[in-house]
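Here are some questions and answers for a reader meeting this structure without any background. Please look over the sequence and the model before reading on.

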Amino acid sequence: VEDLEVAWTYRTGIGGPFKATPLQIGELLYVCAAGNVIIALDAQSGDLSWQFDPLIDPEHLAAIPYFTAGCRGVSYYAAPEGYQGECPERILTATTDARLIAVDAYTGERCLQFGELGEISLSEHMGNDPRIFNFQTSPPGIVRGNAVVGGWVFDTTDPPSQPQACNQPASVAGW
């Protein structure tokens with residue numbers, strides 16, 4: 001251990017807590033900072049490759065900053081062999097304002113065929129869902145081509161989650 005040296009450091013320049021576990025896929029290292037800003041770095045040099053800001057409403061971030069400012073990580077999905085659509089490799093984030101967003105793993109551009117212009121509302125079909133009552137605190141799990149998200153809901157006597165029909169499950173691969 002005494003012979004180890006720092007290879008590089010990177011400062012995000014984004015305030016707030018840093019709680020994410022980096023994810024390396026190939027030559028890129030993906031992290032997300034406060035406000036669910038996704039950052040892709042060259043794994044060898046630490047140079048910025050791209051950065052994506054999901055533009056979370058500042059009022060949302062200010063409402064309960066401890067829970068809404070942090071990002072715990074991102075997920076990676078590679079389309080099956082023979083896939084001809086956009087974004088064959090994707091980075092997904094479940095934002096603290098209850099959205100699931102997919103961006104191209106190499107460019108950071110939204111995958112426009114995913115959901116509506118690259119995102120899916122995770123508040124849809126949640127019944128009474130007041131602002132800041134439902135938000136994501138973990139990266140999505142990828143299970144058999146599906147993005148699986150777990151949310152955090154405030155305790156209340158009028159819970160947001162009321163059983164409602166949802167006929168359109170989100171699928172990472174089903175665009």
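Q: Which cysteine does a disulfide join to Cys87?
A: The model is predicted, and in it a pair of cysteine sulfur atoms counts as a disulfide when they lie within 2.5 Å. The sulfur of Cys87 has such a partner at 2.3 Å, and this partner belongs to Cys111.

Q: How many residues apart in sequence are the parts that the pair of Cys87 and Cys111 ties together?
A: Cys87 is found in the loop between E5 and strand E6 (89–94), whereas Cys111 sits in the loop between strand E7 (99–104) and strand E8 (119–121). The pair therefore ties together parts of the chain whose separation in sequence is 24 residues.

Q: Is Cys87 buried or exposed?
A: A residue is called buried when its relative accessible area is under 20%. Cys87 has a relative accessibility of 7%, so Cys87 counts as buried.

Q: In which strand does Cys32 lie, given that Cys32 and Cys71 are 39 residues apart?
A: Cys32 and Cys71 form a disulfide with their sulfur atoms 1.9 Å apart. The pair links distant parts of the chain, with Cys71 in the loop between helix H2 (65–68) and strand E5 (75–78), and Cys32 in strand E2 (residues 28–33).

Q: What is the pairing of the bonded cysteines when they are numbered in sequence order?
A: The count of disulfides comes to two, one of them formed by Cys32 and Cys71 and another by Cys87 and Cys111. Numbered in sequence order along the chain, the bonded cysteines have the pairing 1-2, 3-4.

Terms used. Residues are numbered from 1 along each chain as its sequence is written. This is a predicted model: local features need pLDDT of at least 70, side-chain atom pairs count only at pLDDT 80 or more; totals for chains, interfaces and linings use all residues. Side-chain values use heavy atoms; hydrogens and water are left out. Helices (H or I, at least four residues) and strands (E, at least two) are DSSP runs, numbered from the N terminus. Buried means under 20% relative accessible area, exposed over 50%, partly exposed in between (1.4 Å probe, protein chains only).
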